[in-house]
Amino acid sequence: MTTMENPGRFKPEDFLVEAAPGVAKHDVEAVRQPKSKKPATDADGLSKGSWAEKPRIYSKLAKGNFRNAKWIVMLVTLGIYYLLPWLRFDRGEGLPNQLFLIDFANQRLLFGPIEIWAQEFYYVTGLLIISALALFLVTSIAGRVWCGYACPQTVWTDLMIAVERFWQGDRNAHMRLDQGPWTFEKIWKKTATHISWLLIGLLTGGALVFYFRDAPTLAMELVTGEASTVAYAFLAIFTFSTYLLGGIAREQVCIYMCPWPRIQGAMLDHDSLWIAYRDVRGEPRAPHKKGDTWDGRGDCIDCKACVAVCPMGIDIRNGAQLECIQCALCIDACNDIMDKVGRPRGLIAYTTERNMESRTAGPRDGLRMIRPRTILYTVVIAITGALMAWAMISRSDLDVSVLPDRNPLFVKLSDGGIRNGYTIKIVNKNQTPRRFKVELTGIDGLKTTIVGHDDASAPIDVGPSNVKALKLFAALPRDKAKALNAESTPVTITVTEVDGAVSATRDTSFRSPGP
Amino acid sequence: MTMAGHKHIDEVTGVETTGHVWDGDLCELNKPLPKWWLYVFYACCVWAFGYWMVYPAWPTLTGYTQGYLGYSQRAAVTAEVNAAKAAQDTYRQAIANTPITEVKGKEDLMQFAMAGGAAAFGDNCSGCHGRGAQGALGYPNLNDDDWIWGGSVEQIEYTIAHGIRNGADEARNSAMPRFGLDGILEPAVISDVANYVRSLSGSEQVDADAAGRGKATFAEQCAACHAEDGKGNQEMGAPNLSDAIWLYGGSQEAVTQSIVTGRGGAMPAWAPRLDPVTVKMLAVYVHSLGGGK
């Protein structure tokens, strides 16, 4: 054992102190805790100057149901993020074959057979609104579930910590390494960790740019140096920010940078689930020796396993804290210990404030998931979702806009007739070329012409996923124009697909000098 | 502990407060900033100083600090404009090499010419002809199908390039005699001719007797240019008097005034002011407004 020569604080025997038979007592203090016992200016993490040092948190690997759930969430979310741009979808000739593509150049978002054009961005807005409301609902039911399991910051930090454990070992080995001198072993382990983090960052940034351009093409361009400066810039930004935020900054992001925890404070109430140490059951805490009775004392053996696994560096036994992202790793850690000492699980568990209070008084209170707050969020989500679904289902793959000329409103022709002009845009949201016929009806005797076409009834070809702008002139002979008894006469422009059932009508008007 | 600090410690957390008290008991804990936050702040300050050094930053009495990079937004815009012009070069070259009658048949050139023509029209022509080319009294409406000097795209191009009655030899030149001012016709005769002219386009408020009297005078004085039937002559720039469009108005007074003064508006030549491709694009644009022949 080379560790005997280490001058650091940690000695092997530190790890041999037992909180209970077979349960090591961790030599750990929460790096963030109430300072009531100490003068404010003399506390750990609180220097006498105007800054606080970033505390080093060595979180121990937890094992249990919640840890497994977090692994699964990480696998699924990162899997989707990294692999989605590589999935293909055949849209036919001349169109991108990427399943999910944010096509900036053509101002549209492609997702399978769905195309969202720039002017239809409200679909995305609707999705964001639903997401926000879902976040409200989940928070009011089960607290910071988003922070604890699904937030990218949490997921990537978790991944970075896993990589760090792979190279430098779990908590104790990692601390010994950090306390020890700069040996060759330490140098290569640290280097390997940082290189791994940067590679993860590179993959993350790479995956991001793939969402905006054909992934295989861009991947080749990135390697051969032919990609655009923008692609490289975003690759660099996201590589660096993933490395910085996930690898280095970690909990600092949640505590100091993220506004969401503060907002969530407004959504929690007495009935929201949150992770708590049941002090009614746990106190008074004390180490437990073999053969000792459990009567007259709490179940907490003060082993500090919950503190050792905490990625935020707090002691959950101090109650609800701003730093707690409710990742539930302390539940796993404590359950493991309770199993070992033969006490029931759930000393640290998901519970509600109402439950905590009622248990202090005696009987246990049930969960109240259905409350005005959660009903409201659910109803609003349902309404928004229904509106969105309705808009999506009733959405046509043909869009027509008609803009009548306004300057001049009408043109007097040499024969005394009146002519109006209309700019018609036909949007073909289909991924196949289509042919349309344009018709203007409403006044007898109107003669229509389309600029660039010999015949007003000529078929108009619109390419796949394309827009065609047409100029349509409608002229009314003198006698018919004289018969118009209003300055504005309603007319209808109909765009019908040749050999198809789709058509769109737009009401507009024919302007004349009037009676 | 000295009294100099007047430190107030929050009882629950043991943390010093900022010293301010709101609503009698509400204090703010004086938590220190994270060290990294402070360093980032200092780095931003340094960055700001660097920025002042390399970019234009501070106003001085007579100008501003230029910065070591010599950056100027004006120069950047000029570069961007030049880049945009260079990007247009292929299209402009293609339009220059394409006969004007064939531009319409080439979709990409047509699209470019229409956009370029519309922009040039707004800059150069809309002052007289209006933003929508709708014209005004004395300034022709370019949307209609009545053309004094011809409505083919080549004729329009020529008119734009050389203008009308602007003194140049190449300009479209025509002059109608000042029948009243120069005493060629008596006022009563002019009134008769005006009635006749208005009858040509089927006006309902015409004094039929006067029109009948004016017919002979018209054949004698006007038909040489405006033709026997009053349909005019585009070669000579003589307007069609039998249609429904009146450049100077179709009332008895307006037509009388036209015969008395001879009218004759002028249009500048644009060939000396605009490059040939722009003139070509303008012609294509005007021709496509609806009345092109």
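## A tour of chains A and B

Select Ile316(A): leaving out residues up to four places away in sequence, Ile316(A) touches Ile275(A), Tyr277(A), Cys306(A), Gln321(A), Cys324(A), Cys330(A) and Ile348(A). Keep in mind throughout that this is a predicted model.

**The cores**

Now widen the selection to the largest nonpolar core, which has 44 residues. Ile316(A) is among the residues with the most contacts inside this core, together with Ile301(A) and Ile348(A). Colour the elements of chain A that give two or more residues to the core: strands E1 (18–20) and E7 (273–277), and helices H2 (122–142), H3 (145–150), H9 (251–257), H12 (305–309), H13 (329–341) and H15 (372–393).

Next, show Ala113(B), Val277(B), Val279(B) and Tyr285(B), which are included in a second, separate core of 31 residues.

**Aromatic rings**

Display the side chains of Phe, Tyr and Trp; over all chains there are 27 aromatic pairs. Start with Tyr82(A) and Trp156(A), an edge-to-face pair with 6.3 Å between the centres and 85 degrees between the planes. Tyr82(A) belongs to helix H1 (residues 65–83) of chain A and Trp156(A) to helix H4 (residues 152–168) of chain A, so this pair ties together parts that lie 74 residues apart in sequence. Are these two residues buried or exposed? Tyr82(A) is buried because its relative accessibility, 18%, is under the 20% cut-off. Trp156(A) is buried as well, at 14%.

For contrast in geometry, go to Phe41(B) and Tyr42(B): the ring centres are 6.1 Å apart and the planes stand at 50 degrees, so the pair is tilted. Phe41(B) is partly exposed, with a relative accessible area of 42%, and Tyr42(B) is partly exposed at 41%.

Arg56(A) lies over the face of Tyr58(A), at 5.0 Å from the ring centre. The charged end of Lys70(A) sits over the ring of Tyr149(A), 5.8 Å from the centre of that ring.

**Between the chains**

Show both chains and select the residues in contact between them: 27 in chain A and 32 in chain B. The area buried between chain A and chain B is about 2300 Å², and carbon and sulfur atoms give 57% of that area. How many salt bridges are there across the interface of chain A and chain B? The rule finds 0.

Select helix H6 (residues 153–162) of chain B and show its buried residues, Val153(B), Ile156(B), Thr159(B), Ile160(B) and Ala161(B). The buried residues of H6(B) pack against helices H3 (100–103) and H11 (276–287) of chain B. Step just past the end of H6(B) to Gly163(B), where phi is positive, at about 75 degrees.

Finish at Leu29(B), in strand E2 (residues 26–29) of chain B. Leu29(B) counts as partly exposed, at 29% relative accessibility. What does Leu29(B) contact beyond its neighbours within four places in sequence? The contacts are Asp10(B), Thr13(B), Val15(B), Glu16(B), Thr17(B) and Thr18(B). Then draw a C-alpha to C-alpha distance from Leu29(B) to Ala168(B): the two are 85 Å apart in space and 139 residues apart in sequence.

Note on methods: Residues are numbered from 1 along each chain as its sequence is written. Chains are lettered from A and ligands numbered from 1 in the order in which they are written. This is a predicted model: local features need pLDDT of at least 70, side-chain atom pairs count only at pLDDT 80 or more; totals for chains, interfaces and linings use all residues. Side-chain values use heavy atoms; hydrogens and water are left out. Rings of Phe, Tyr and Trp (its six-membered ring) pair if their centres lie within 6.5 Å; planes under 30 degrees apart count as stacked, over 60 as edge-to-face and the rest as tilted. Helices (H or I, at least four residues) and strands (E, at least two) are DSSP runs, numbered from the N terminus. Buried means under 20% relative accessible area, exposed over 50%, partly exposed in between (1.4 Å probe, protein chains only). A charge sits over a ring if NZ of Lys or CZ of Arg is within 6 Å of the ring centre and within 35 degrees of the ring normal. A nonpolar core is a set of buried Ala, Val, Leu, Ile, Met, Phe, Trp, Tyr and Cys residues joined through side-chain atoms within 4.5 Å. Contact means heavy atoms within 4.5 Å. Buried area is the accessible area (1.4 Å probe) that two parts lose on being put together, summed over both. A salt bridge is a side-chain nitrogen of Lys or Arg within 4 Å of a carboxyl oxygen of Asp or Glu.
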